[in-house]
Amino acid sequence: MAEQAAPGRRHRAYRFTLDPTPAQAAVLTAHADAARWAFNFALAQKRAANQAWRLQIAELVTLGFDEKTARRTAVKIPTAAEVARRWTAWREDPAADSWRGGICPWWRGINRFAFSSGFRDADQAWSNWMSSLAGTRAGRGVGEPRFKRKGRATPSFRLHHDVKKPTIRPDGYRRLRMPNIGAVRLHGSCKRMVRALDRGGRVQSVTCSRRGHRWYVSVLVDEPDLTPGRETQAGPSHRQKAAGRIGVDLGTKALAALSEPVGGLSDEHGLVANPRHLKKARRRLVRTQRQMSRRVGPDKRTGQEPSNRWKRARARLSKIQREVTEQRASHLHWITKTLATSYAEVAIEDLNVAGMTRSAKGDAAAPGRNVRAKTGLNRSVLDAAPGEFRRQLDYKTPWYGSQVAVCDRWAPTSKTCSACGAVKAKLALSERVYTCDHCGFTCDRDINAARNIAAMAVPVDPGGGRRETARGADVSPPPASCRGGSPQRSAQPQQHAGAP
Ligand SMILES: [Zn+2]
């Protein structure tokens, strides 16, 4: 992972869709293959060392030592540097692999950073596992790292370069030049990145990954933290001040409910619908899945190879899935930008995302209750991506002079009447309309909740305080030396290609 930016500078990722020639696409694939190979090579070394350590313990135990003492024998798991040394020595050494003349005789033509970042990724995966075992890692447990399988793992690789002699650099506004790969055309323009580089930004690394039929690139730039025009503006504009605060309840039924209708964004009541093109894409998705199920697919047990018709359907499926992801992402960006620019404060519920999306079925020890209702809820919560929604608001609001306000996750936002404040004892998930027993107020359940969120939320201090990640882990605020920015700004906001 990228280290923290120096004081007065920040890391920012610029993301683009690539439009490689067939020859360039082949080179990209070769690099991703090499990175996957490198990860597996490093992991195999680590596993072998770990295995040797276990054998050693078993031996000591048979010699009469108790297991606790035996476990204290040092284990030396090779790190990236050691793995890289072995790789250099063995890659063309027939003694290491006489059949192929070295373990990796095809390494020429592949940028060496594709290998070294693969080695380092294995280090990270291993230490994640170790800290999870030791209990020092927050959030969900991390298992033993597994080998990356071709066709399974996302094809991806990362390149670094000498910052003094940059070989990863834009070529005009429409091409990105990378070592060993050449100048690859971009779908969009990289003008903003070029400007950042002109202002003293430096490209740190580039990550290329293929999802579905497309190659994407994410360029990490270390740039001076020049607060762009709007940020120097101390607070909200007159228009934003007049609009005040808006409450957002992220969808159970609709995508979101707003405390007041916003023209162009919601209907006249304040409900934000899921985009229509998404529904259409879903239908195509289901149709293609059905097609696939009727065609001859691969079967591991019989060794059946997939038919060409099945492969074509699968390619179509992954293309549609990709489109859906992009459409959802740009829709979400549009909503968060609209809210951040039109209001002085955007109030949301501080959801425990990891907890909400955990399986409703529970496990053998704690079987879930009311499983069916909760499964439906889980699906829509995942669709609306509340964690991503919050992340975008957190970094966009300071850009536009607005602020995020958060209300406690246990606040009775759906049970309270937004008109008189009376609180109901119980409200079933199936009750779509809120009717107050006290004052007779009637309103859509989610809009009622959004109004309560607007009323109960407390502004978040962008400079300090502890935050939680979606995994439930605490995130410490950045050191004071990182200037007064919000934690998100120094932690490189992912910039979406087609987004505002
Ligand atoms: Zn009431």
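Donors are taken here as N, O and S atoms within 2.8 Å of the metal (3.2 Å for Na, K and Ca); water is not among the atoms, so sites may look incomplete. The model is predicted: local features need pLDDT of at least 70, side-chain atom pairs count only at pLDDT 80 or more, and totals for chains, interfaces and linings use all residues. Residues are numbered from 1 along each chain as its sequence is written, and side-chain values use heavy atoms, with hydrogens and water left out.

The zinc ion is coordinated by the SG atoms of C417, C420, C436 and C439, at 2.3 to 2.4 Å. The arrangement is tetrahedral because the 4 donor atoms subtend angles of 107 to 112°, where four donors qualify if all angles lie between 85 and 135 degrees. The donor spacing in sequence is C-x2-C-x15-C-x2-C. C417 and C436, 19 residues apart, link distant parts of the chain: C417 is in the loop between strands 12 and 13, and C436 in the loop between strands 13 and 14. Both C417 and C436 are buried (under 20% relative accessible area, 1.4 Å probe, protein chains only).

Strands are DSSP runs (E, at least two residues), and helices likewise (H or I, at least four), numbered from the N terminus. An open sheet of 6 strands has the order 10-9-8-11-12-15, with mixed pairing; two strands pair if DSSP finds at least two bridges between them. The edge strands each pair on one side only.

| Edge strand | Residues |
|---|---|
| Strand 10 | residues 271-272 |
| Strand 15 | residues 458-459 |

Strands 8 (245-250) and 9 (256-258) run antiparallel, joined by 3 bridges. D249 has A257 in strand 9 as its bridge partner.

Definitions and conventions:
Tetrahedral: all angles 85-135°; square planar, octahedral: opposite > 155°, others 65-115°. Buried < 20%, exposed > 50% of the residue type's maximum accessible area, 1.4 Å probe, protein only.
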